[in-house]
Amino acid sequence: MSLEKNSTLNHVSIIMDGNGRWANERAHQRVWGHIRGSSVVSDIVEEADDLGIGALTLYAFSTENWSRPLTEVKTLFSLLKKFLKKEKKRIIKNQIRFKVIGDITGLPEETKKLVSSLEEETRTFQGLKLTFAFGYGGRDEIVQAVNRFIKENPGKELDMNTLDECLMAPELGDVDLLIRTGGDQRISNFLLWQIAYAELYFTQTKWPDFKRSEFRNIINEVTQRERRFGSVVETNSLDSSLTLAEKNKQELKEMQIGTP
Ligand code: IPE
Ligand code: IPE
Ligand code: MG
């Protein structure tokens, strides 16, 4: 099944949560959950590609996750490396455009090289835009974007469109759907700016148990939701809603001017 071309779900993002609890429930160490969880990633990427989603952004390691025990942090780093090595061929074969957002300066050299070479090799690909948020924090991203703007435009005022352009991956656009696995209902500093009008979906399923079929069902269900973006009729984007708002404001202003 492929999404309609004019589907409102172009950018889907996932907070892949619940690995540690999944492992603990099975009397295993938390890292076991990460290992099992990382094998789910390939399936979900493939499903997103099959569904014709434009962009999939996965939260793999937050700025706050640095405070976890070192062995766990190291496991998460090594799983990123393994994923890149294992999936490189498939990513290229499927014309997937790969990118990492966040601060990966703390990663081992070999992993950083794998990231940058895959980013470079897939830079011009037109398929699914697959983005890993690694060493990522939403507040961090906004602060960096503002600082970049100030540096490049001293003395100028920042507007919303320009802030969009200063983000780490502006081409991804706003998030249409944010899914969080693992049962918690919070954002945990993920894509704070981009989720302003995202549909939210929280599932109890812990990430290692998350299946392609559940992902597909969520996409189908959320595609049926009526998205109004503040309007009273269904609209297909926040931009078109804002255009209408501007038109209304202008008309009202003209009417007031015309009033004696
Ligand atoms: C999500 O699973 C993976 C990362 C945060 C890297 P957790 O490790 O947070 O698992 P829980 O939420 O403790 O079960
Ligand atoms: C969010 O999960 C980060 C990732 C999934 C990478 P956490 O488990 O770190 O978030 P909290 O601690 O429940 O907010
Ligand atoms: Mg968690």
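**Domains and ligand shell**

Modeller: In this predicted model, the C-alpha centres of domain 1 and domain 2 are 35 Å apart.

Colleague: Which residues belong to domain 1 and domain 2?

Modeller: Domain 1 covers residues 11–225, and domain 2 covers residues 230–260.

Colleague: Now the ligand. Which residues come nearest to ligand 1?

Modeller: There are 13 residues around ligand 1, and D17, G20, R21, R30 and R68 come nearest.

Colleague: What is the distance from the side chain of D17 to an oxygen atom of ligand 1?

Modeller: An N or O atom in the D17 side chain is 2.8 Å from an oxygen atom of the ligand. For R68, a side-chain N or O atom is 2.6 Å from an oxygen atom of ligand 1.

Colleague: And which part of N19 lies 3.1 Å from an oxygen atom of ligand 1?

Modeller: In N19, that atom is a backbone N or O.

Colleague: How much of ligand 1 does the protein bury?

Modeller: Ligand 1 exposes 380 Å² when taken alone, and the protein buries 88% of that area. The space that ligand 1 takes is the second largest pocket.

Colleague: Which helices each supply at least two residues of the shell?

Modeller: They are α1 (19–25), α2 (30–51) and α3 (70–93). The largest share, three residues, comes from α1.

Colleague: How many shell residues are nonpolar, polar or charged?

Modeller: The shell around ligand 1 has five charged, five polar and three nonpolar residues.

Conventions
Residues are numbered from 1 along each chain as its sequence is written. Chains are lettered from A and ligands numbered from 1 in the order in which they are written. This is a predicted model: local features need pLDDT of at least 70, side-chain atom pairs count only at pLDDT 80 or more; totals for chains, interfaces and linings use all residues. Side-chain values use heavy atoms; hydrogens and water are left out. A residue is near a molecule or strand if one of its heavy atoms lies within 4 Å of it. A polar contact is a pair of N or O atoms within 3.5 Å; within protein, one must be able to donate a hydrogen and the other to accept it, and residues adjacent in sequence count only if both atoms are side-chain atoms. Accessible areas come from the Shrake-Rupley method with a 1.4 Å probe; for residues, only the protein chains shown count as cover. On a 1 Å grid over the protein atoms alone, a cavity is a set of points where a 1.4 Å probe fits but cannot get out, and a pocket is an open set with protein on both sides within 12 Å along at least five of seven lines; lining residues have an atom within 4 Å of a point. A molecule sits in a cavity or pocket if more than half of its atoms lie within 2 Å of its grid points. Helices (H or I, at least four residues) and strands (E, at least two) are DSSP runs, numbered from the N terminus. Ala, Val, Leu, Ile, Met, Phe, Trp, Tyr, Cys and Pro count as nonpolar, Asp, Glu, Lys and Arg as charged, and the others, Gly among them, as polar. Domain bounds come from an automatic or database domain assignment.
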